[in-house]
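Dear colleague,

Please find the structure below, handed over for your work. My notes on what was found in it follow directly after.

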Amino acid sequence: MSRKIEIFDTTLRDGEQVPGCQLSTDEKVVIARELELLGVDVIEAGFPISSPGDFLSVVELSKAVNVGVCALTRSKKEDIDVAGEALHHAKRGRIHTGIGSSDIHIKHKFNTTREKVLEQAVWAVGYAKSKGVEVEFFAEDAGRADLAFLAQMVEAVIGAGADVVNIPDTTGYCLPHMYGKRIQYLFENVKNIDKATISVHCHNDLGLATANTIAGLIAGAGQAEVTINGIGERAGNTSLEEVAMIIKTHKDLDLYTNLKSERLYGISTLVSDMMRMPVQPNKAIVGANAFAHSSGIHQDGFLKNAENYEIINPSDVGVPTSSILLTARSGRAALKHRLELLGYQPSKTELDQLYENFLIVADEKKSVNDEDLVTIVANTPLLVQK
């Protein structure tokens, strides 16, 4: 039986921490409504105590959407009090509180001991529960934490009432098999783990955020923490669109989400525009080149059958169609295809002559557009337009 994966989107919290990507409350509401239409389960709306603007954003998002709205806090009373107030209007509110779990953080960030961190974690979860909302606990830097201590912490916070426990690879350190084994270890060593949802939150410092997230889900985690376009601190977070399409493409994983994948490209563009954060052309799923073909060998294979080179139908993610880009690497098949779209039906002899002229232009330009093709045709004798 397929297992449901909750999608926790932190575009408006972790994603907005990127320098230059700050949004107004109104802009956050626009994106939040699109996230709801996309089918995410929980939207992390901000860190209320950090600024009046973040507090207001959590308040207004709570009013604007019907899905879960989450507010981040440290494991401090004042943080949790402010978050509880900000979530007053939420239909499904959640406080996301936590503390460091690795010895690196315990010693060098908090200057304390494992025992005191554990005590603070249990207190924070219990206090957050008193606010009458869901509680998610994050064990910061869990990717580098001592496994036995991490299991002890997870068991303790679940015992204190945590509904969700987040196991973040905060620094993007883990390899997929390492991270998957961490999640597996928790399932095998935390007695009360069935009382909470285990969540995965991976950063992309080594380019492994999506791979680690999938490894964690395979190992039993039930929630993925993601951002649109993979934006976030430093090298970014796990990309929502990548997780969505991996799960949709690999049916044998027996996982599913409520995401409407045909909305992915639209919200990717919206977030990119609003946050002034361009999407790299070769970005998986939503990049400009994700469904573009420029190599002659690839173009020929694609034109014969799209499945030769595409494992995803572009319409499944909201991209109207694949594109054939004409460059000096393109072959006759691609040139003929583009000419036919323009209404030309060249014979083999004519195509050979056109191709020679095309290569001269293509060597001078990075790409050849339709206007260039019309000019090439006009300068090639005997070609008949039908």
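Ala145 is buried, because its relative accessible area is 2%, under the 20% cut-off for that class. The model is a predicted one. Ala145 sits in the loop that links strand 6 (134-140) and helix 6 (147-159). Leaving aside residues up to four places away in sequence, Ala145 is in contact with Ser101, Ser102, Leu150 and Arg182. Between the C-alpha atoms of Ala145 and Glu364, which are 219 residues apart along the chain, the separation is 55 Å.

The next point concerns helix 1. Helix 1 comprises 14 residues (25-38), and its first and last C-alpha atoms are 20 Å apart, close to the expected 20 Å. Its buried residues are Thr25, Lys28, Val29, Ile31, Ala32, Leu35 and Leu38. In an α-helix there are 3.6 residues a turn, so residues three or four places apart point the same way. The cover over the buried residues of helix 1 includes strand 2 (6-9), strand 3 (42-46), helix 2 (52-64), helix 9 (240-249) and helix 10 (264-275). Gly39 follows helix 1 and has a positive phi, near 110°.

Helix 9 also meets helix 8 (residues 209-218): their axes come within 10 Å and cross at roughly 50°. Helix 8 is therefore oblique to helix 9, and the crossing is right-handed. Thr210, Thr213, Ile214 and Leu217 of helix 8 contact Glu242, Val243, Ile246 and Ile247 of helix 9. By type, the residues of this contact are five nonpolar, two polar and one charged.

Yours sincerely

Notes:
Residues are numbered from 1 along each chain as its sequence is written. This is a predicted model: local features need pLDDT of at least 70, side-chain atom pairs count only at pLDDT 80 or more; totals for chains, interfaces and linings use all residues. Side-chain values use heavy atoms; hydrogens and water are left out. Helices (H or I, at least four residues) and strands (E, at least two) are DSSP runs, numbered from the N terminus. The expected span of a helix is 1.5 Å times one less than its number of residues. Buried means under 20% relative accessible area, exposed over 50%, partly exposed in between (1.4 Å probe, protein chains only). Contact means heavy atoms within 4.5 Å. Axes are lines fitted to C-alpha atoms, for helices over the stretch in contact, and angles run from 0 to 180 degrees between N-to-C directions. Angles under 35 degrees count as roughly parallel, over 145 as roughly antiparallel, 65 to 115 as roughly perpendicular and the rest as oblique. A crossing is left-handed if the near helix is turned anticlockwise from the far one by less than a right angle, and right-handed if clockwise. Ala, Val, Leu, Ile, Met, Phe, Trp, Tyr, Cys and Pro count as nonpolar, Asp, Glu, Lys and Arg as charged, and the others, Gly among them, as polar.
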